[in-house]
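I opened this model to look up a few local details, and I kept my notes in the order in which I checked them.

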Amino acid sequence: MNVPFLSLKEVTDLHNKEINEAASRVVNSGWYLQGKENEVFEADYAKYIGSKYCIGVANGLDALIWILRAYIELGRMKKGDEVIVPANTYIATILAITENGLTPVLVEPKYETLEIDDDLIESKITEKTKAIMIVHLYGRNAYTKKIGEICKKHNLYLFEDNAQAHGCLFEGQKTGSLGDAAGHSFYPGKNLGALGDGGAVTTDDKEVADTVRALANYGSKVKYVFDYTGRNSRLDEIQAAILDVKLNYLDQDNDKRKKVAKLYYEGIKNPAITIPETKDFVQNVFHLFPVLTEKRDELQQYLKSKEIGTVIHYPIPPHKQKCYETWNNLSFPITERIHNSELSLPMGPAITEEQVRYVIDAINEWK
C-alpha cells in the first residue's frame, strides 16, 4: 500500500467543486488584486480567529516580518531589541526577527511537548527584551498562563507564529488571538492552505493593522503616497477566494486530523518510538504528527521501503544553519536532540483509516 506523507491533490479534491467555482468567479470578475475577495476573506478569517483585524499578505514569513516592522515604525520597538523565541522553531520565525535588525534570544523547548519551556523564559529577559514570540509548532498550542503572566510582569509584547495551528484553541480562544499580533501562513500544506503562497496578520490593534497593511503595499496608505519604505506583499484575489471556501471546512478537516491522531496515539506500541505529549485534542490541530526515535534515519528508510512517506521537521536547527554561522558554537541540547530524532508521519484530512492502520502496523513491526 502506498501512503503519501500528504497528497495536496486529494486535499484539494475534498472541496474541488467550490474551489473551481471560486477561482472562476475571480477570473471572470476582471479584478485580481485588493478587491472584494480579500475583503470577504479578511473579515471571515478575523471573525474565525477572534481578532478585530486581519490583513492578507504574500506569505507567512512576510506576516511575521511586517508585525515586527510595524512595531518598529510605531516606535514601540527599535533595532537591537531582543525577542525571545523557541530554539527549535522553523527558521522563518528567526528570519523575521533578524530581518528587522532585532536580536533573537533562543530558549529551549520541553522535549515532552516540543513547545517553548516557559520555566526558562524569565531567566533570558534583559533590559533589551521587548517581546516573546511563541510558535504553535506542529499545530500544538504553545501559550501558557505563565507566559501571559511573564509578559504582564515585564511589560513585554506577545507575538504568535500561528503558521501551523489554524483552528487551535486555548481555553476556548483561538491561537492567533492570544497575543498582541499573530502571523499566519497559508502555504498549501497547512491546515488552511492556499493553492500557492499566502499569509495574514491578525491583531486587535488598529494602528498596527493599518501600518502592516501599508507596509505590505509598498509603504502606502494612500495611492502614490508612501509613508514607509515598504514592499509588495499582498494576498491575491484568487487565493483569498479559495481560502474563504476552505475556511468553511477548516474545523471539519481538523476533526479528521484528530481522528487520525487518535488512531496513532492508541495504535503505536513500539517502545523505540516516543510520541510527544498532548494536553488534549483541543489544544492541538495536528498540522503534523511528529514522533521521536534515536534511530530516526533508519525508521525513515524502513518506512520508505513500505511506501510510507515521511518528512523530517526539521533536520538542522536554526542555530546550526550556515546563515547564522556566528551561532554555530552555541549549544541547545534539547533542541538538537529533537532535530536529530523527529520524524513526521502521514497526516491530513484526506488520509484513510486503512492507510493509517497500515502505517501503525509497519511501525509496530519495526525493530
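I began with the contacts of Asp117 and found that, leaving out residues up to four places away in sequence, Asp117 touches Val107, Glu108, Pro109 and Lys110, where contact means heavy atoms within 4.5 Å. I noted that the model is predicted, that local features need pLDDT of at least 70 and side-chain atom pairs pLDDT 80 or more, while totals for chains, interfaces and linings use all residues. Residues are numbered from 1 along each chain as its sequence is written, and side-chain values use heavy atoms, with hydrogens and water left out.

I then placed Asp117 in the loop between strand E3 (103-107) and helix H6 (118-121); helices (H or I, at least four residues) and strands (E, at least two) are DSSP runs, numbered from the N terminus.

Is Asp117 buried or exposed? I found Asp117 buried, that is, under 20% relative accessible area with a 1.4 Å probe and protein chains only. Asp117 has no salt bridge, and Lys110, the nearest side chain of opposite charge, is 4.3 Å away; a salt bridge needs a side-chain nitrogen of Lys or Arg within 4 Å of a carboxyl oxygen of Asp or Glu. I also saw that a polar atom of the Asp117 side chain lies 2.9 Å from the backbone nitrogen of Asp119.

Last, I looked up which residues lie nearest the centre of the largest pocket, and they are Tyr90, Gln164, Ser185, Tyr187 and Lys190, out of 31 lining residues. A pocket is an open set of points on a 1 Å grid over the protein atoms alone, with protein on both sides within 12 Å along at least five of seven lines, and lining residues have an atom within 4 Å of a point. Helix H5 gives the largest share of this lining, four residues.

Definitions and conventions. Buried < 20%, exposed > 50% of the residue type's maximum accessible area, 1.4 Å probe, protein only. Lys, Arg positive; Asp, Glu negative; His and termini not counted. Polar contact = N/O pair within 3.5 Å; in protein donor to acceptor, adjacent residues only side chain to side chain. 1 Å grid on protein atoms, 1.4 Å probe; cavity = no way out; pocket = protein on both sides within 12 Å on 5 of 7 lines; lining within 4 Å.
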